[in-house]
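Subject: Structure handover

Hi,

Here is the structure for you to look over. My notes follow below it.

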Amino acid sequence: MNKRFEAYSFPDATGHFGPYGGIFVAETLQAALLELNLEYAKAQADPAFIAEFQRELKYYVGRPSPIYYAKRLSDELGGAQIYLKREDLNHTGAHKINNTIGQALLARRMGKPRVIAETGAGQHGVASATVAARYGLECVVYMGIDDVRRQAQNVYRMKLLGATVVPVESGSRTLKDALNEAMRDWVTNVESTFYIIGTVAGPHPYPMMVRDFNSVVGKECVVQMPEMIGRQPDAVLACVGGGSNAMGIFFDYIPHGNVRLIGCEAGGEGVETGKHSASLTAGTPGVLHGNRTYLLQDANGQIVDTHSVSAGLDYPGVGPEHAWLKDSGRAEYVAVNDDEALAAFHRLCRTEGIIPALESSHAVAQAMKMAPTMSKHQVLLVNLSGRGDKDMATVAERSGLQFFCRASCQAAAESR
Amino acid sequence: MARTGSRIEAAFARLVAEHRKALIPFITVGDPALATTLPLMHELVKAGADVIELGVPFSDPMADGPVIQRASERALKHGVGLNDVLACVTQFRTTNQITPVVLMGYANPIERMGLDVFADAAVVAGVDGVLVVDYPPEESAALLAAMDSRGIDTIYLLSPTSSAERIKRVAMAARGYVYYVSLKGVTGAGNIDTQEVGRKIAEIKAEVNIPVGVGFGIRDGATARLVSEVADAVVIGSRIIQEIESSTPENVIANVGKLVGSFRSAMDA
Ligand SMILES: Cc1ncc(COP(=O)(O)O)c(C=O)c1O
């Protein structure tokens with residue numbers, strides 16, 4: 001049925017995924033993107049670059065990450081068998097490091113001594129600060145001022161790693177505004193600076209490049225699943241903020257037409273309440289951050305505030321490749337609410353001894369919803385994109401506790 | 001491509017005959033309030049504006065510095081959108097048929113309204129040009145066609161980093177005038193190097209046969225004067241917005257008029 005995806009080769013030469021993607025930026029950035037495009041193509045064709053990337057993934061990140069059979073959870077649910085791709089076991093605790101290593105190596109290759117990044121939850125900021133320290137690059141991280149407060153512990157981690165964290169006070173003061181600010185920095189300091197975008201968004205070549213660097217996740221799964229169960233899973237699930245961990249695990253499965261691909265967006269307090277971040281489920285196409293994709297916007301075309309219990313999914317757009325995978329029917333997208341994600345978070349803690357990131361908990365929740373409706377012989381593979389250490393304060397507060405570290409970390413984060 | 005019979009073309013022809021250069025002030029519609037925009041537009045003309053650039057508020061003005069971002073945020077607080085911008089132009093045209101009006105903004109509000117709906121409304125309102133910051137020629141064939149068929153100029157940017165190849169590309173698509181961004185950076189950043197601007201304008205003029213304006217970073221009469229010696233038009237944005245910010249509702253019109261007048265006299269001196 002899915003024959004037409006066997007020779008999938010998006011994006012096209014101009015960076016489009018069907019009607020999505022592209023390079024929607026001011027003239028001031030065109031030269032920089034052209035240079036990046038050429039340099040990335042050269043790097044991809046250079047065996048030495050690929051070898052170094054793979055060496056770093058193995059010895060610095062700890063790849064390959066294992067797939068873990070969540071037997072107790074599966075037995076409790078009484079349906080499909082659930083397997084977890086353990087990106088939470090990576091150095092720095094999430095899939096984000098796969099991409100930041102790739103881009104930092106590219107920055108070094110291009111002779112850029114300074115890297116900048118945007119961050120929401122702080123995971124991408126931490127991953128960027130980490131690789132900057134590892135390769136001796138200066139690092140500046142832009143972060144919405146509201147997120148600086150929400151994610152104080154990660155702010156402190158970035159500072160320990162030697163990065164400068166710049167709180168962004170413009171717009172809605174969250175991830176999208178941090179991205180705007182990072183772009184403004186880049187356009188001003190384009191000669192010395194490499195912009196490490198943290199998800200499969202932004203202008204071409206970013207959506208492709210970030211996907212490529214993260215696609216190691218799916219590449220490993222395509223080999224690991226047959227080793228473990230003799231075949232590929234029936235469905236692959238991943239949470240979708242900008243969509244990098246989802247593209248990472250989906251990409252090599254796209255030609256496997258019998259494997260369902262299910263992206264789990266943040267339903268927040270419920271899509272019907274308007275307080276959510278489910279761009280593919282409830283948004284409409286438009287142009288933001290250099291590409292055309294599904295957006296959460298009002299009748300005037302202004303980008304609206306989003307909501308999610310997980311800061312990493314709190315983004316009003318989504319990578320353009322997901323927009324294309326949705327329209328073409330190759331992938332399905334669902335919204336998972338805050339409460340469902342939190343319930344999945346606690347259940348995974350108690351049944352498997354794994355504390356997942358709140359972002360990843362959205363994908364776990366969807367698997368928990370689907371498993372009981374499926375047979376015991378079916379298999380769900382969930383991308384456990386990160387670990388939940390960073391979410392202690394949020395979860396504790398939701399449970400009515402004041403987490404002990406909140407105040408001290410906040411103080412540490414706010415002092416320079 | 002010069003478009004015969006357009007207000008923009010007529011304005012530049014008049015200036016050439018008078019041996020003067022165009023002064024193009026920029027204001028954001030709805031800043032400080034929607035009711036202020038129309039009187040501000042008339043005041044700009046009185047103070048010597050040859051073309052008016054009207055900013056369309058957008059929630060994510062990625063190419064703008066803090067000053068114009070704040071203008072956008074103030075306008076958005078009043079819920080000002082593309083419809084209000086078009087209504088302003090309609091009202092302006094009831095008494096002014098001469099001064100060209102160019103809308104400057106981002107792609108998403110236009111796409112949300114729909115390209116053809118917008119193009120029809122713009123021509124009815126009396127809009128003369130459209131500059132969509134995040135629509136480079138490669139991504140705006142549809143806009144260009146929609147505007148061309150209705151006689152509205154699509155205005156494009158060039159920058160210090162534009163290669164010879166890109167200058168050629170923009171030269172093919174550009175209508176009305178070309179807007180040269182004189183800085184690496186966002187609107188309102190730093191000060192410009194007028195010698196460097198002169199060199200790049202010469203390179204652009206070899207390819208582009210319509211007027212070339214310069215904007216971003218022109219903050220005083222002396223700089224405007226120097227730029228007007230090498231370019232056909234001088235665009236003043238952030239400096240005017242700052243004047244709006246530091247004024248009261250009572251004196252904002254007069255203050256902006258005085259400021260724009262000072263740029264005019266410096267350029268004509
Ligand atoms: C653990 C984890 N998963 C997922 C995400 C969402 O990003 P993406 O959709 O790009 O994978 C984040 C972002 O911070 C994250 O930290």
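Predicted model: local features only at pLDDT ≥ 70, side-chain atom pairs only at ≥ 80, totals over all residues.

Contact here means heavy atoms within 4.5 Å.

Helix H7 of chain B

H7 spans residues 141-148 of chain B. Its buried residues are Leu143(B), Leu144(B), Ala146(B) and Met147(B). Viewed down the axis of H7(B), they fall within an arc of 165 degrees, so they line one face of the helix.

The nonpolar cores

In soluble globular proteins, nonpolar side chains tend to be buried together. The largest nonpolar core here has 195 residues. Trp186(A) and Leu103(B) touch the most other members. The element that gives the most to this core is helix H8 of chain A (residues 175-188), with seven residues. There is also a second, separate core of 28 residues. Among them are Ala266(A), Leu313(A), Ala367(A) and Val382(A).

What does Leu103(B) touch, leaving out residues up to four places away in sequence? The list is Leu54(B), Val56(B), Leu82(B), Val85(B), Leu86(B), Val89(B), Phe118(B), Val127(B), Gly129(B), Val130(B) and Leu131(B).

The ligand

There are 19 residues around the ligand. Those that come nearest are Thr199(A), Gly241(A), Gly243(A), Ser244(A) and Ser385(A).

- Gly243(A): a backbone N or O atom, at 2.7 Å.
- Asn245(A): an N or O atom in the side chain, at 2.8 Å.
- Gly242(A): a polar backbone atom, at 3.2 Å.

On its own, the ligand has 390 Å² of accessible area, and the protein covers 97% of it.

Ile145(A)

Where does Ile145(A) sit? Its place is in helix H6 of chain A, residues 145-150. Is Ile145(A) buried or exposed? Buried means under 20% relative accessible area. Ile145(A) has 13%, so this residue is buried. Beyond residues up to four places away in sequence, Ile145(A) touches Pro167(A), Val168(A), Glu169(A) and Arg173(A). Leu161(A) is 16 residues from Ile145(A) in sequence, and the two are 20 Å apart in space, C-alpha to C-alpha.

Best wishes

Terms used: Residues numbered from 1 in each chain as written. Chains lettered and ligands numbered in written order. Heavy atoms only, no water. Core = buried A, V, L, I, M, F, W, Y, C linked by side-chain atoms within 4.5 Å. Buried < 20%, exposed > 50% of the residue type's maximum accessible area, 1.4 Å probe, protein only. Helix = DSSP H or I, 4+ residues; strand = E, 2+ residues; numbered from the N terminus. Near = heavy atom within 4 Å. Polar contact = N/O pair within 3.5 Å; in protein donor to acceptor, adjacent residues only side chain to side chain. Areas by Shrake-Rupley, 256 points an atom, 1.4 Å probe, with all protein chains shown as cover. Arc of directions from axis to C-beta.
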